Amino acid sequence: MSRADKRRWRSAAGLKDLGALVASWLIGDIASQPGYQPHCGPDEETQHLIPVLVAINRLGFVTDGSQPGFAGYGHDHHWWEQRAAVSGLVDDSELRDRLVAAAEVAGLTVVQHDMTPRRHAEGVPVTRSLGRARTHFGRFLSVRDLRTVWQPEIIGRRAFDKVTAAWQFTLIDPEWGRDDVLWEALAEVVRRYRLEDVERQARLRREALSHDNLCRRYASPYLARGQVQEWHDGKVRRAVEEAKLSGCTDAAIELVVGCECD
């Protein structure tokens, strides 16, 4: 890993920062990621998943593995089947609850582990061929395992402490070969967050531009109004752009913003 990449990973203070860095690695802004071979990007089979993986990482679900659903002949000319699956870390309880709720609606399997001593599951088979399970998702990772994936000498002790304290979270589509339900469930979680951000920014804009607020905060409220409006308009525009990139429709945005889009 280059020194520049190491500096960026070491700057992470917690999972939200790590998620932003994983997103940058997914789109090629960072060449290397801890736990992967240096200067190697995402696997070719996951290229179509990058947009939703980028979006969910930026929310704070730090993914460390994913695979699409697949059924067909592999490189060895044998029949292979895969379940769509994604695993990672999350320490935001609200985000975790929303992911669980979305999974329940979509009929997905959820596997969660914390660091409480207990008998942990060995994982769920997600790839099979010739009657044998080839790979599993959802296996519990000990601190030693986490050191292999998220090397503290790269991400720093502060971020690694957050890693070990987080929930190990996995979503799996129980149907072999299906490759749309899981990713749409993740995308819906992202869209809801983005719409809420648009609504929040629009509300803040409205409050900041109210007559009472301007008079309370500024000696010349009418002179200040233009700059205050410009600043908040920029925040609303950026939130709207993020929402559209996440797949939110103009109609959905209009419902939560109304005239604030103008």
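Which elements each supply at least two residues of the lining of the largest pocket? I found helix 2 (15-26), helix 5 (143-149), strand 1 (62-67), strand 4 (85-90), strand 7 (132-137) and strand 8 (167-172). Helices (H or I, at least four residues) and strands (E, at least two) are DSSP runs numbered from the N terminus.

I worked on a predicted model, where local features need pLDDT of at least 70, side-chain atom pairs count only at pLDDT 80 or more, and totals for chains, interfaces and linings use all residues. Numbering runs from 1 along each chain as its sequence is written, and side-chain values use heavy atoms, without hydrogens and water.

Largest pocket. A pocket is an open set of points on a 1 Å grid over the protein atoms alone, where a 1.4 Å probe fits, with protein on both sides within 12 Å along at least five of seven lines; lining residues have an atom within 4 Å of a point. The lining has 28 residues, and Asp64, Gly65, Ser66, Ser87 and Phe137 lie nearest the centre. Strand 1 gives the largest share, 5 residues.

Second largest pocket. I noted a volume of about 220 Å³. Its lining has 13 residues, with Pro51, Val52, Ala55, Leu245 and Ser246 closest to the centre. Helix 3 (50-59), helix 8 (181-208) and helix 10 (221-245) give two or more residues each; helix 3 gives the most, 5 residues.

Key. Points joined across faces, edges and corners; volume = space filled by probe spheres on them.
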